[in-house]
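Here is a short briefing on one protein chain. Look at the fold first, then at the cores, the helix pair and a few loop residues.

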Amino acid sequence: MAGILLAQNSSRIIGVVVNDHEKYESRTLEDVFVASSLNALSTEIEKNGQFMMIKKTTDREAIIRFASMWNLDGLVLIGFCDEDYEYLRNHMRIPFVVYDGYCVQPCFPHFDFCSAGCGGAGANCRSETAGTE
C-alpha cells in the first residue's frame, strides 16, 4: 500500500547522493566538507517541508534505482563528473542539482547561469562570467 501511495503522489523526499570515491577510504560521510554540506542541505530541505535521504555510491545505475525506488522529487549529486551527469540526464526524468561536481565542459550548456538573465552574453550583462562562454 505504501508503495502505491509513493508512486501516485509526491514523496517530498530529496535524495542526496555522494560519490563514494576511494579518496575517502570508506569514510565518505566523515569527511568535513561532505558532512558540513549534508548539514547545510538538511537545514534547507527541512525548511521547505521536505525530507532528505542520503546514499553514497559510485554506481550510476544505483542512483537511478535509488531515485525510482523512493519516487524522489529531486536529487542533489555531490562529487560526480560530467560523464555521470550526462548519463543520468539521459536515463532519469527527475530534476537534479550538481554540487561540487567536476565538469570539463559546462554540464548544462542550455542553462542560463547569469543572474541578469542574459546567459552572460548580453551587452548589459552584470555577471562576472560575461563573455567567458
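Residues 24 or more positions apart account for 49% of the contacts in the protein chain with a separation of 6 or more; contact means heavy atoms within 4.5 Å. This is a predicted model: local features need pLDDT of at least 70, side-chain atom pairs count only at pLDDT 80 or more, and totals for chains, interfaces and linings use all residues. Residues are numbered from 1 along each chain as its sequence is written, and side-chain values use heavy atoms, with hydrogens and water left out.

**Overall fold**
- The protein chain has four helices and four strands. Both are DSSP runs numbered from the N terminus: helices are H or I with at least four residues, strands are E with at least two.
- Along the sequence, the pattern reads α-β-α-β-α-β-α-β.
- Of the 133 residues in the protein chain, 32% count as buried. Buried means under 20% relative accessible area, exposed means over 50%, and partly exposed lies in between (1.4 Å probe, protein chains only).

**Nonpolar cores**
- A nonpolar core is a set of buried Ala, Val, Leu, Ile, Met, Phe, Trp, Tyr and Cys residues joined through side-chain atoms within 4.5 Å.
- In soluble globular proteins, nonpolar side chains tend to be buried together.
- The largest nonpolar core holds 15 residues. V17, I63, L75, L77, L88, M92 and F96 touch the most other members.
- β1 (13–19), α3, β3 (74–78) and α4 each supply at least two residues of this core. The most come from α3, which gives four.
- Leaving out residues up to four places away in sequence, I63 touches V17, T57, L75, L77, F80, L88 and M92.
- A second, separate core has ten residues, including I14, V18, L41 and I45.

**Helix pair α3 and α4**
- The axes of α3 (residues 60–69) and α4 (residues 82–91) come within 10 Å and cross at roughly 40°. Axes are lines fitted to C-alpha atoms, for helices over the stretch in contact, and angles run from 0 to 180 degrees between N-to-C directions.
- That angle makes α3 oblique to α4. Angles under 35 degrees count as roughly parallel, over 145 as roughly antiparallel, 65 to 115 as roughly perpendicular, and the rest as oblique.
- On the α3 side, the contact is made by R60, E61, I63 and I64. On the α4 side, E83, D84, Y87, L88 and H91 take part.
- By class, this contact has four nonpolar, one polar and four charged residues. Ala, Val, Leu, Ile, Met, Phe, Trp, Tyr, Cys and Pro count as nonpolar, Asp, Glu, Lys and Arg as charged, and the others, Gly among them, as polar.

**Loop residues**
- Q50 sits in the loop between α2 (32–47) and β2 (51–57). Its relative accessibility is 19%, so Q50 counts as buried.
- Neighbours within four places in sequence aside, Q50 is in contact with R12, I14, I45 and D73.
- S26 lies in the loop between β1 and α2. Its phi is near 65°, a positive value in a residue other than glycine. At 65% relative accessibility, S26 counts as exposed.
- N71 belongs to the loop between α3 and β3. Phi of N71 is near 50°, again positive in a residue other than glycine. With a relative accessible area of 24%, N71 is partly exposed.
- D59 is in the loop between β2 and α3. Its relative accessible area is 33%, so D59 is partly exposed.
- D59 and N19 are 40 residues apart along the chain, and their C-alpha atoms are separated by 8.5 Å.
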